[in-house]
Amino acid sequence: MTACDVEAPESEAGPRVQAVWHRYARRGDRATVRGHAYTAYLVLLFGLVYFVPVLYTASTTPALISVGSLAATTPVAWALAAAVAACWSAQVAGRFWGPLVIPPFLLHVFMSTDISPAHYLGAIARRRLAFLGAATLLSVSTATYLTTDLFDHLGTSMQGLAVVVGLSALTAADWLWGQVRAVAANLRLATAVGALACVLMVLSRVGAQGGAGLWLVAGGLAITAAAVGRAAFRSIGAIDLARLARESARASQAQAYAWTGTLHHALDLYRPEPRGRASALIREDGRLRGHLAAGALRALRTPGRATAAAVLLLAGGVVLPFGTSGSNGGLNLVAWVVGSVCVYLGSGWVSESWRGLRDELTLVPLFGEWWGGTLTRAMAWPVVAVTVVTFMGTGLAAASQWHHFSGQLMSTGLLTAGSTVLALGARFLREMKLQLPLELLLPVNTPLGDLSGLRIVAWQFDGVVAVVIGVGVMHALPSAAGATALALGMAAACVWGGLRRTGWAHPGLVSRLRRV
């Protein structure tokens with residue numbers, strides 16, 4: 001009998017785990033006080049420059065979304081939709097980066113001892129779930145306060161706070177569940193949460209007259225969070241340690257990439273690898289398939305990514321008309337931004353052709369300088385797929401709510417098309433990103449201090465920034481034709497910026513395109 005066959009007593013496991021954690025915390029490469037101070041400085045600067053003015057504006061202006069009477073079912077529907085989205089998102093996040101991910105060296109040390117995984121993983125799980133629950137509570141409460149009037153009165157604020165607390169607890173429990181349980185169990189939980197949301201919606205109609213709809217939602221969330229959390233913690237002891245070691249190694253490498261400024265390289269580690277159908281890219285006579293057929297086959301080689309892209313593009317196509325039509329009052333800008341961001345995200349997941357385009361444009365000695373055909377081959381499928389699927393969602397929205405768009409169909413179509421082109425241009429700019437430019441590390445001295453950190457953040461999320469700024473400027477223009485022309489110009493600027501990143505934006509660009 002070896003030492004691994006004997007489980008450590010409950011009274012001895014805790015101090016031993018604490019001793020290992022304490023020893024690891026005293027390593028020489030841990031974060032310094034100066035590093036923590038700089039992070040706190042950036043957070044404080046963000047709060048003073050952005051959050052405090054936004055909070056003051058929200059408190060002195062009418063609410064963007066009026067909840068209205070709690071006897072209606074609309075607030076209940078919003079709460080249930082947010083709960084289902086948070087539950088599913090937390091499960092997916094747990095499959096990639098869950099609360100049990102710890103440094104690979106430390107995990108190897110614990111795995112080499114006789115301590116049960118429930119002892120050294122349970123403590124870190126409880127602490128991280130508490131952090132996530134608190135962060136979700138603060139962020140959702142702040143977003144609700146900034147956009148709705150739910151917290152304006154004591155009666156409605158108590159119900160809203162109860163729903164937010166239940167939502168935070170369910171999100172934390174689902175995050176752990178997504179990592180410790182298999183894919184089949186995650187699908188069953190996702191289906192059960194969706195069915196529970198439908199049942200609560202039906203029951204809320206019965207108790208709507210008494211204003212108990214949100215109380216019912218809060219109770220359902222709390223009970224579900226308790227049941228899921230208990231089952232998830234009981235599964236920690238049976239977790240697959242080999243898979244956890246692989247996840248921890250990948251997370252450590254991704255964290256190193258993110259800290260060195262190459263966030264897109266960190267995200268590349270979580271891209272699904274294409275599988276199968278490689279031979280289908282070539283016809284029987286040995287020739288390559290057409291641009292659209294090859295792009296569709298590459299999308300089918302990553303079915304999960306393609307399905308997520310289709311869902312996001314359809315959602316963006318459905319939401320965009322409600323923002324571009326201007327028929328929803330203060331909600332139209334929010335719907336416009338959300339729809340454009342969904343199209344931007346879906347356009348990056350629709351195919352793997354974006355991934356190789358940057359390499360083919362930058363590695364000229366390997367692929368040659370006749371890159372116009374390369375650009376056409378790589379861009380044909382994403383452009384066609386994004387346009388078709390997005391306008392399919394737009395058609396569904398127009399068919400279901402024709403009275404909202406019948407009088408302004410032309411302007412809505414123009415603005416939707418312009419937003420789609422802007423999202424594609426922003427995606428091109430993001431995918432052509434190379435290493436972090438050295439000039440971004442230079443200090444930017446202002447009366448508020450050094451803002452070089454904000455420049456790095458803006459560079460990391462330049463695609464989203466371009467989409468949000470473009471939609472905001474388009475919304476401010478009174479003419480649909482002018483806003484569409486502006487979107488086309490911004491998309492062209494994004495494409496030009498992407499080509500400059502690869503080194504291909506030079507005076508010979510037009511002559512090269514003519515020779516294609």
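In which handedness of crossing does helix 12 pass helix 18? The crossing is right-handed; a crossing counts as right-handed if the near helix is turned clockwise from the far one by less than a right angle, and as left-handed if anticlockwise.

This is a predicted model in which local features need pLDDT of at least 70 and side-chain atom pairs count only at pLDDT 80 or more, while totals for chains, interfaces and linings use all residues. Residues are numbered from 1 along each chain as its sequence is written, and side-chain values use heavy atoms, with hydrogens and water left out.

**View 1. Helix 12 against helix 18.** Helix 12 (residues 303-324) packs on helix 18 (residues 409-431) at about 125°, with the axes 9 Å apart. Helices are DSSP runs (H or I, at least four residues), numbered from the N terminus. Leu320, Pro321 and Thr324 of helix 12 meet Thr412, Leu415, Thr416, Ser419 and Thr420 of helix 18; contact means heavy atoms within 4.5 Å.

**View 2. Leucine 100 in the largest nonpolar core.** Of the 48 residues in this core, Leu100, Leu121 and Leu176 touch the most other members. A nonpolar core is a set of buried (under 20% relative accessible area) Ala, Val, Leu, Ile, Met, Phe, Trp, Tyr and Cys residues joined through side-chain atoms within 4.5 Å. Helix 6 gives the largest share, nine residues. Not counting residues up to four places away in sequence, the contacts of leucine 100 include Arg128, Gln179, Ile236 and Leu244.

**View 3. Glycine 290 and tryptophan 381.** Glycine 290 lies in the loop between helix 10 (263-268) and helix 11 (291-300). The C-alpha atoms of glycine 290 and tryptophan 381 are 9.9 Å apart, although 91 residues separate the two in sequence.

Terms used: Buried < 20%, exposed > 50% of the residue type's maximum accessible area, 1.4 Å probe, protein only. Helix = DSSP H or I, 4+ residues; strand = E, 2+ residues; numbered from the N terminus. Axes fitted to C-alpha atoms, helices over the stretch in contact; angles between N-to-C directions.
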